[in-house]
Amino acid sequence: LQGNAAKLHVREGETGFGKWGGEFIFPEAVYKGDTIWYSVHARFPESFEQHQATGTKTKFMRVGTYNASGGNSGYSDLIINPSSHESPFSWRYEGDTPWWIGISSQQEDRITRDVWHHYQMAITFDSVPVSEGGQAEIFIWIDGQLAQHITDRRTLEYSNGWTNRALLFTYWNSGAPKDQHVYVDEITITNKTPLTRDSHGNPMIEGLVSKVKPKPPVLN
């Protein structure tokens, strides 16, 4: 509802599947050459622990892809790194190698507790990356600033692949280290080219961080 944020929960030791975040099914499938923009505002409380005891990465914003017959072809993932990592986030496409690309090493891009942040991905789908003459590329913004433009990774495993599904969190690998919660607001997923442009001229969804911030949640 307008004016309210959602509070997402996961309990200690649980993966949170079905409760920790959720999925978004597109009204139509997206294919090679199509682009989607996926935007989330999130507020992590002071108590939030962003990694497990093993130091593994935490799933955040994800887009699933499929082969022509509907089989899983891997996810495009924006992942929250352990706090000790040199980059606050990583990106990967499970259908390509190497998997991990560190997103930003800037201190200002790290998660600041009890502050709203705006995270956004734009993914153009293709089995051939821009660097090899294809169309696959990924833009990632943090608080309206371009953090990474990836042009050397594919975003579909096969040229006839497709997607119709995005996810937010959904599964905490190895189980949450303790009871956790996070607030999210103004989630937008679209294939319509946004009118707003970043400082480099790239189309992006305008976030609330730079202008009107969401009202702070009532902490329990």
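Which residues of S3 cover one side and which the other, and are they buried or exposed? Thr35, Trp37, Ser39, His41 and Arg43 lie on one side of S3, with Ile36, Tyr38, Val40 and Ala42 on the other, and all are buried. The model is predicted. Strand S3 belongs to an open sheet of six strands.

**The sheet**
- The strand order is S1-S12-S3-S8-S9-S10.
- Pairing in this sheet is antiparallel.
- Strand S1 (6-10) and strand S10 (145-150) are the edge strands, and each pairs on one side only.
- From one strand to the next, the twist averages 25°.

**Burial of S3**
- Strand S3 spans residues 35-43, and nine of its nine residues are buried, so the strand is largely enclosed by the rest of the structure. The cut-off for buried is under 20% relative accessible area.
- Both faces of S3 are covered. Trp37 and Arg43 are among the buried residues on one side, and Ile36 and Val40 are among those on the other.

**S3 and its partners**
- S3 pairs with S8 over nine bridges, in the antiparallel sense.
- Ser39 has Gln120 of S8 as its bridge partner. Ser39 is also one of the buried residues of S3.
- S3 pairs with strand S12 (residues 180-190) over six bridges, again antiparallel.
- Tyr38 has Ile189 of S12 as its bridge partner.

**S8 and S9**
- Strand S8 (residues 116-124) and strand S9 (residues 137-142) run antiparallel and are joined by six bridges.
- Tyr119 has Ile142 of S9 as its bridge partner.

Conventions
Residues numbered from 1 in each chain as written. Predicted model: local features only at pLDDT ≥ 70, side-chain atom pairs only at ≥ 80, totals over all residues. Heavy atoms only, no water. Pairing = 2+ DSSP bridges. Helix = DSSP H or I, 4+ residues; strand = E, 2+ residues; numbered from the N terminus. Axes fitted to C-alpha atoms, helices over the stretch in contact; angles between N-to-C directions. Buried < 20%, exposed > 50% of the residue type's maximum accessible area, 1.4 Å probe, protein only.
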